[in-house]
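User: Hi, I have a structure open and I'm new to this. Can you walk me through it?

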Amino acid sequence: MPVKQAEFFVSNSDPAKCPKPDRPEYAFIGRSNVGKSSLINMLTSRSSLAKISGKPGKTQLINHFIIDNEWYLVDLPGYGYAQVSKTEREKFAALIDGYLTSRPNLLCIFVLVDSRIAPQKLDLDFMANLGERGLPFVIVFTKTEKLGPTKLQATLETYRDRLLEDWEEAPQFFVTSAVTAVGREDILSFIRPLNEGYKKK
Ligand code: GDP
């Protein structure tokens, strides 16, 4: 079932000012240019809910969107710009850290990785950090229509093998493309029962 309603709610540079944690929340994060804005637009069937930016790294805001009046989709700033200063990186780390530690309603973090790029230390470190905090996350492979089925399968296996060097179990994977909308129903079908479970609590 597609998203019916998707609206921008609020942007924050201070995690303490994020909306009251009164409904289930899912955060999307990844390196700049991974395809996060495109994925958010694809998931919500909107052409420009999240900005597809040519200038990465300018604004470091936590963006809340409200979906079907039921859950929050959170667009977190992209990480890993080579050109930013140490101070900027520290500001970013504090922002993400503040966010991750202040959302009891955060049911899952979607960590986006570009399917065309080999496992990167930055992404693996970020996932390790989530694991240490006991925060649930899944991996979303973006731009997968660029790979043929054989190459895609090999990429997924390489990634899984790399993760299994650090983890006993690999997290769940989603294969997506903002171009073909592959993965939309898979991700929405993953979110729905979590929302139902949250309501029952
Ligand atoms: P963000 O910086 O992570 O928000 O990434 P964007 O959504 O702005 O996308 C970065 C670039 O990747 C843009 O040129 C997009 O058109 C392109 N892109 C995003 N998703 C896909 C996809 O699924 N397939 C292909 N081929 N390109 C994509």
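This is a predicted model: local features need pLDDT of at least 70, side-chain atom pairs count only at pLDDT 80 or more; totals for chains, interfaces and linings use all residues.

User: OK, ligand to begin with. Which residues come nearest to it?

Analyst: There are 14 residues around the ligand. The nearest are Lys 36, Ser 37, Ser 38, Glu 145 and Ala 178.

User: What is the shell made of, by class?

Analyst: The shell has four nonpolar, six polar and four charged residues.

User: And what does the side chain of Ser 37 do there?

Analyst: An N or O atom in the Ser 37 side chain is 2.7 Å from an oxygen atom of the ligand. Glu 145 also takes part: an N or O atom in its side chain is 2.5 Å from a nitrogen atom of the ligand. Ala 178 uses its backbone instead, with a polar atom 2.7 Å from a ligand oxygen.

User: How much of the ligand does the protein bury?

Analyst: The protein buries 77%. That is a share of the 580 Å² that the ligand exposes when taken alone.

User: Back to Lys 36. Where is it found?

Analyst: Lys 36 is in helix H1, which covers residues 36–44.

User: Is Lys 36 buried or exposed?

Analyst: Lys 36 counts as buried, because its relative accessibility is 11% and the cut-off for buried is under 20%.

User: What does its side chain reach?

Analyst: The Lys 36 side chain reaches the backbone oxygen of Leu 76, at 2.7 Å.

User: How many residues of H1 are buried?

Analyst: Eight of the nine, so H1 is mostly covered. Among the buried ones are Ser 37, Leu 39, Ile 40 and Met 42.

User: What follows H1?

Analyst: Ser 45 does, and its phi is positive, near 55°.

User: New topic: Glu 25. Where does it sit?

Analyst: Glu 25 is in strand E2, residues 25–30. The relative accessible area of Glu 25 is 0%, so this residue is buried.

User: Which side chains make polar contacts with the one of Glu 25?

Analyst: His 64 is one of them, at 3.1 Å. Tyr 99 is another, at 2.6 Å. Glu 25 also touches Tyr 72, Val 74, Arg 103 and Cys 108, among others.

User: And what about the loop between E2 and H1? Which residue is found there?

Analyst: Val 34 is found in that loop. Val 34 is buried, with a relative accessible area of 5%.

User: How far apart are Val 34 and Leu 112?

Analyst: In sequence, 78 residues. In space, 6.7 Å, C-alpha to C-alpha. Val 34 is in contact with Leu 112, and its other contacts include Val 113, Asp 114 and Thr 142.

User: Last one, the cysteines. How many disulfides are there?

Analyst: Zero, from a search of the whole structure. Cys 18 is in no disulfide, and the nearest cysteine sulfur, that of Cys 108, is 18 Å away.

Terms used
Residues are numbered from 1 along each chain as its sequence is written. Side-chain values use heavy atoms; hydrogens and water are left out. A residue is near a molecule or strand if one of its heavy atoms lies within 4 Å of it. A polar contact is a pair of N or O atoms within 3.5 Å; within protein, one must be able to donate a hydrogen and the other to accept it, and residues adjacent in sequence count only if both atoms are side-chain atoms. Accessible areas come from the Shrake-Rupley method with a 1.4 Å probe; for residues, only the protein chains shown count as cover. Ala, Val, Leu, Ile, Met, Phe, Trp, Tyr, Cys and Pro count as nonpolar, Asp, Glu, Lys and Arg as charged, and the others, Gly among them, as polar. A disulfide is a pair of cysteine sulfur atoms within 2.5 Å. Helices (H or I, at least four residues) and strands (E, at least two) are DSSP runs, numbered from the N terminus. Buried means under 20% relative accessible area, exposed over 50%, partly exposed in between (1.4 Å probe, protein chains only). Contact means heavy atoms within 4.5 Å. Lists of a residue's contacts leave out its neighbours within four places in sequence.
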